[in-house]
Amino acid sequence: MGLTPELSDAKFGIASLQNPISMNFYDQWLASDFHGEMDYLKRHRDLKADPTRWLPMARSAIVFSINYVTPKHDIEGRETSKLRTALYTRFTANQSDYHTVLRERLSPVVQELERRYPGETFRMAIDTAPILERDLAVRAGLGWVGKNTCVIDRKVGSLFFIAEILTSLEVASDEDPIHGSLISPDFCGTCTRCIDSCPTGALVAPRSLDARKCISYWTIEAKTVPPENLAGKFGDWFFGCDICQTVCPWNEKVFGREKMQKEARPNVSGDQIRSDLIEELGNLLVASNRDLDRRFKNTPMSRSRGFGLKRNALIVIGNLKLFELTETIRLLVEDPKLGALAKSTLQKLTP
C-alpha cells in the first residue's frame, strides 16, 4: 500500500489487534492511580484489552506516525503567541485541532482502501478511541517506547502523532515475534536525560509517568487546580510541556541540538516578550469563559476550556512574577473555582 500525497511525510506499519503486549503494565499503572482524574482510562480498560468488544469487525490496524515537526520546520519562534505551549499545538499555521487535520489527511487513504476492498470495513482512530496506541505502534515497527513514555523512531525522533485505520482485513504483517515488550529492542541505553530534566519528577521510573505530577496533565487534562507546591515548578508552561522530548538525544540528532535545547529552556527574557505575555495573559483573565471557548474552538487549547486556560494563566503569572497584572487578578478572588488560586497568585506577586 502506497501513501497518498497528504501523508508523504508519514510512516506506517501493520499490527494485529489481538492480545496487547502492554496490558499488564497498563493495569499496574492504573492500580497506582497514576492516571489522576482521567477516570475514563480505567473505564475503557476492558475495551483496550480487546478492541473487538467495541468494534467487532476489527482484526488489524494500519498504524501511522505523522510528524507534527520536521527538520525543515522553523519551530523556534512563537509567531502568533508568546505563550509557551507544547510543540504539537503549532502543528498547522492556524493552530487547528490536530484531530480534524489528521482525519482530513487519512480520509483519502480510507477511500482508496474502500475502493480496493469493497467487502471490507475501515475506520479511523485518532487518540479518542479506546486503543493502546503505543502498543500498536511498536508492534507495527514504528519505534520503541522510550524512558519518557513516548514512541521514538531513530530516524524521525518522537515528535509525531500516532493514528490508526482499523480494518476487518486479516492483514499479514512483518510483526516481529520477539516483541514481548514495548522496548525490544531498546535504544535508550543508559541515558536518563528525560527523567533527570522533568521539573516536577513526573517520570517516577523509566517508562512510568505519574500524571498527577505532569505539567501536560495539569495544564490540559485536569479539571481542578494543582497543588501550589507543584504548580510552582511549572515555570512558564501555559499549555502542555515538551521537556522530556526536547532533551532526548534522538530528537537532538534529528532536529539539531541547539534547536531542541532552545525549546527546552524558558523564553521569557527581554522587555518585549514580557510585555507581550502580560497583554496576552491579561486578556485571558478578563475574557468570559464563553468567549474563550469560542476563541479557541477547533484548536488544541479548546481541551482546557475557559476555566483551564484562566487557571494556567494564573499559574504562569505567579511563576514569572508578572506583578503588572495584580489588579486584574484581584477581579478573580471571589470566583468560586479560581478564587483560591487567584489569592495565592497575589501572594506571590507581593514584594
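**Aromatic pairs and nonpolar cores**

In this predicted model, Tyr 88 is buried, with a relative accessible area of 16%. Tyr 98 is likewise buried, its relative accessible area being 12%. A total of 11 aromatic pairs is counted. In one of them, the ring centres of Tyr 88 and Tyr 98 are 5.5 Å apart and the planes stand at 90°; because edge-to-face pairs require an angle over 60 degrees, the pair is assigned to that class. Distant parts of the chain are linked by this pair, with Tyr 88 in the loop between β3 (84–85) and α4 (98–116) and Tyr 98 in helix α4, 10 residues apart. Together with Tyr 68 and Phe 161, Tyr 88 and Tyr 98 form one aromatic cluster.

The rings of Tyr 217 and Trp 218 are also edge-to-face, with centres 5.3 Å apart and planes at 70°. Tyr 217 is buried at a relative accessible area of 4%, and Trp 218 counts as buried at 9%.

Charged groups are placed over two further rings. The charged end of Arg 154 sits over the ring of Phe 187, 3.9 Å from its centre, while Lys 337 lies over the face of Phe 307 at 4.2 Å from the ring centre.

The largest nonpolar core comprises 82 residues, of which Ile 165, Phe 238, Leu 281 and Ile 329 touch the most other members. Helix α14 (residues 305–320) gives the most to this core, contributing eight residues. Leu 281 touches, among others, Leu 83, Phe 238, Ala 313, Val 316 and Ile 317. A second, separate core of 21 residues includes Ala 15, Leu 55, Ala 125 and Ala 137.

How values were computed:
Residues are numbered from 1 along each chain as its sequence is written. This is a predicted model: local features need pLDDT of at least 70, side-chain atom pairs count only at pLDDT 80 or more; totals for chains, interfaces and linings use all residues. Side-chain values use heavy atoms; hydrogens and water are left out. A nonpolar core is a set of buried Ala, Val, Leu, Ile, Met, Phe, Trp, Tyr and Cys residues joined through side-chain atoms within 4.5 Å. Buried means under 20% relative accessible area, exposed over 50%, partly exposed in between (1.4 Å probe, protein chains only). Helices (H or I, at least four residues) and strands (E, at least two) are DSSP runs, numbered from the N terminus. Contact means heavy atoms within 4.5 Å. Rings of Phe, Tyr and Trp (its six-membered ring) pair if their centres lie within 6.5 Å; planes under 30 degrees apart count as stacked, over 60 as edge-to-face and the rest as tilted. A charge sits over a ring if NZ of Lys or CZ of Arg is within 6 Å of the ring centre and within 35 degrees of the ring normal. Lists of a residue's contacts leave out its neighbours within four places in sequence.
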